[in-house]
Amino acid sequence: MTATNARRVLITGTTSGVGRALLEYYANGGASIICVNRRHVGELESQYPSVRFEYVDVRSAEDVDKLVRRLAASGELPEVFILNAGINRVDNDESFQLSAYRDVIDTNLYGVLNFVQPLTELPADNVQRHLVAISSMANYVGNPYGLGYTTSKKALTACFNVWSQMYANTDLVFQQVMLGPVRTAIYTMADKFPLWMVSLKNLFSAPLDGTVRAIARFALTRKKKLFYPWRACPLYVGMWLSQCLIPGFFRGRRTLEGKARRVEAR
Ligand SMILES: NC(=O)c1ccc[n+]([C@@H]2O[C@H](COP(=O)([O-])OP(=O)(O)OC[C@H]3O[C@@H](n4cnc5c(N)ncnc54)[C@H](OP(=O)(O)O)[C@@H]3O)[C@@H](O)[C@H]2O)c1
């Protein structure tokens, strides 16, 4: 198979960013595509009339399960699942809200695991299926502005590390894409990030077209991990070193609102 000839592909979260670019890439390559989005975007449907759009919130285990079993029953289960839908919330400060944190975990972690459960339960049908989770290099060092984000990606890695071993040499291939910064909506939360972080991200970020080409090529292999782009690695090594050397580097931000609520310990 070449990069574009994966015949049937399911992609979650194609309304923007990496997912949308993947949709365009596979559509140009003539693949049969199922997009799983939580909301209707009329413009997408008119732009890609041959693509099938399923409206499912990936946080719903029940709805994802129904979708996977329906595709299996009709013989339309894709060979490649790119489990891309994800969110980030700036929650590493004193305005922390459990509901926002839970939302991130529900989307980034359970939004992937909800697909894994039915796929591991269905009887094997002699087709190799690739479950490609879009994760982040932040998983290794933490994201100073996203506590839920870091937690969800770390947990995802822990699960996929185990399953890629457990299902080695079977019809299920568990793969993880460790992305560095890519220019998308998540990436451009510039108003929420300090200038130094935005500048660093600009320097080390990857373009969308290169990113989706790399993901599609990777999904045709049985490799367990893809780190992309390599040039982002120094950024994450730098963040890791800063955490080791600078006490409190990732201590979370203190806010005026938080200070008003708490009494300083003397
Ligand atoms: N961009 C980066 O720098 C970067 C770096 C490392 C990893 N990643 C990972 O790459 C993936 C894609 O990120 P992105 O940058 O492309 O973000 P994005 O542009 O914000 O796109 C996220 C997509 O996920 C969808 N989504 C969110 N919650 C959903 C839900 N509950 N059910 C179904 N779809 C849902 C969004 O749909 P709506 O339009 O409905 O919100 C959107 O289509 C994420 O997993 C992210 O963690 C990105």
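1. Helices are DSSP runs of H or I with at least four residues, strands are runs of E with at least two, and both are numbered from the N terminus. On that basis, α1 is the element that gives the most to the shell around the ligand, namely three residues. The model under discussion is a predicted one.

2. There are 29 residues around the ligand, and those that come nearest are Gly13, Gly17, Gly86, Ser136 and Thr184. Two or more shell residues come from each of α1 (17-28), α4 (98-121) and β5 (129-136). Sorted by class, the shell comprises 14 polar, 11 nonpolar and four charged residues.

3. The largest nonpolar core counts 52 residues, and Leu22, Ile82, Leu83, Leu131 and Val132 have the most contacts inside it. For Ile82, once residues up to four places away in sequence are set aside, the residues touched are Val9, Ile11, Leu22, Val132, Ile134, Ile215 and Ala219. In soluble globular proteins, nonpolar side chains tend to be buried together.

4. Val112 belongs to helix α4. Val112 counts as buried because 28 other C-beta atoms lie within 10 Å, the cut-off being 20 or more. Beyond its neighbours within four places in sequence, Val112 is in contact with Leu83, Ala133 and Leu156; of these, Leu83 is also listed among the core residues with the most contacts.

5. A further point concerns Val112 and Arg59: a separation of 53 residues in sequence corresponds to a C-alpha to C-alpha distance of 8.6 Å in space.

Notes: Residues numbered from 1 in each chain as written. Predicted model: local features only at pLDDT ≥ 70, side-chain atom pairs only at ≥ 80, totals over all residues. Near = placed C-beta within 6 Å. Nonpolar A, V, L, I, M, F, W, Y, C, P; charged D, E, K, R; others polar. Core = buried A, V, L, I, M, F, W, Y, C linked by C-beta atoms within 7 Å. Buried ≥ 20, exposed ≤ 12 C-beta atoms within 10 Å, placed from the backbone. Contact = placed C-beta atoms within 7 Å.
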